[in-house]
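Q: I would like to learn how to read a ligand site in a model like this one. Please show me the entry first.

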Amino acid sequence: MAPIILDHMGNDQNEYIKQHVQVKNPYLDTMEEDILYHFSLSTKTHNLPEMFGDIKFVCVGGSANRMKAFAQFIHQELELPGNPEEVRDICEGTDRYCMYKVGPVLSLSHGMGVPSISIMLHELIKLLHHAQCSDVVLIRLGTSGGVGLAPGTVVVTNKAVDYSFLPQFEQVVLGKVITRSTELDEGVANELLQCSAELQSFPTMIGNTMCTHDFYEGQGRLDGALCSFSHEEKLEYLRKAYEAGVRNIEMESTVFAAMCRVCGVKAAVVCVALLNRFDGDQITSPHDVLVEYQQRPQVLVSHFIKKRLGHIV
Ligand SMILES: O=P(O)(O)O[C@H]1O[C@H](CO)[C@@H](O)[C@H]1O
Ligand SMILES: O=c1cc[nH]c(=O)[nH]1
């Protein structure tokens with residue numbers, strides 16, 4: 001939570017220290033129009049402050065259907081007027097990403113992997129900046145492979161780490177590697193853990209999340225089209241990851257954490273583990289079980305949003 005700052009009259013000044021979304025690009029100010037190409041939105045054709053200025057929570061996840069379902073779910077949870085079934089895809093002019101606005105909540109898909117979420121985040125952060133949004137919390141709701149966890153466990157990320165278990169994201173810019181820190185907001189992570197304690201619906205823990213650039217060999221799977229290592233080597237890598245505090249593996253958290261951090265946006269990653277990678281590689285749970293697992297991060301984040309909005313005390 002933000003510290004309480006009092007002025008010389010003893011009044012709470014928090015109202016005046018809003019945290020705006022910062023873009024870190026001096027060229028943006030010089031542009032007459034900014035076309036958010038993959039959203040099919042633009043600063044000239046859309047009134048972004050009017051459309052998005054009241055956004056306080058942005059929830060993102062890989063799948064378009066999941067993020068539509070989350071928009072409908074949060075519509076019901078916040079008891080907003082209108083039919084949740086009729087939420088409209090703001091990005092319907094493109095099929096790259098989908099985007100739904102439900103009161104102060106924006107729900108967006110980002111596709112799979114670092115390049116896909118990174119493009120989405122550039123345009124999302126610019127959108128939030130152009131819309132003059134403040135005090136926004138950005139949360140990734142995802143699925144993952146558990147490392148030493150029972151399937152269905154929800155992991156709130158402590159540190160997003162790379163393949164060598166370091167909390168960093170490497171980006172190649174003009175042929176050189178730039179390294180950015182991937183620290184997430186500790187306060188938001190603790191609030192989310194507190195929400196799970198209140199819900200008491202499914203196991204939740206805080207742990208490190210390893211982000212890879214591939215689902216198969218990159219995550220040490222033996223079931224891809226290619227496999228260049230042994231079963232024992234796979235287990236040794238997973239054991240090392242576990243010792244480094246890694247509790248789940250997915251494919252977006254490092255760039256997500258790095259970009260949010262640079263732009264002054266508080267961020268969290270909440271992913272359910274679909275399987276325990278020490279037990280296998282294939283995702284064998286029945287469809288209805290997987291659907292329920294995917295809802296767990298949504299239930300947790302909905303509780304968080306309702307608490308922040310004062311719907312739950
Ligand atoms: O469940 P989502 O959000 O798609 O995320 C996870 O699932 C995908 C792989 O199946 C990767 O994108 C990984 O990060
Ligand atoms: O094992 C898994 C499951 C979901 N997503 C991943 O990236 N890995």
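A: Start with the record. UniProt positions are given here in the numbering used here, feature names are shortened, and annotations may be inferred rather than shown by experiment. The unreviewed entry's "binding site" annotation covers Arg 96, Arg 140, Leu 141, Gly 142 and Thr 143.

Q: What should I know about the model itself?
A: It is a predicted model: local features need pLDDT of at least 70, side-chain atom pairs count only at pLDDT 80 or more, and totals for chains, interfaces and linings use all residues. Residues are numbered from 1 along each chain as its sequence is written, chains are lettered from A and ligands numbered from 1 in the order in which they are written, and side-chain values use heavy atoms, with hydrogens and water left out.

Q: Which residues are around ligand 2?
A: A residue is near a molecule if one of its heavy atoms lies within 4 Å of it. Around ligand 2 these are Thr 143, Ser 144, Gly 145, Phe 215, Gln 219, Arg 221, Ile 249, Glu 250, Met 251 and Leu 275.

Q: Which strand supplies the largest share of that shell?
A: Strands are DSSP runs of E, at least two residues, and helices are runs of H or I, at least four; both are numbered from the N terminus. S6 gives the largest share, three residues.

Q: Is Arg 221 buried or exposed?
A: Buried means under 20% relative accessible area, exposed over 50%, partly exposed in between (1.4 Å probe, protein chains only). Arg 221 has 1%, so it is buried. Its side chain also reaches the backbone oxygen of Phe 215 at 3.0 Å.

Q: Where does Gln 219 sit?
A: Gln 219 is in the loop between strand S10 (204-211) and helix H5 (231-243). Gln 219 is buried because its relative accessible area is 3%. Its side chain makes a polar contact with that of Thr 212 (3.2 Å).

Q: Why does Thr 143 count as partly exposed?
A: Because its relative accessibility is 22%. Thr 143 lies in strand S6.

Conventions. Polar contact = N/O pair within 3.5 Å; in protein donor to acceptor, adjacent residues only side chain to side chain.
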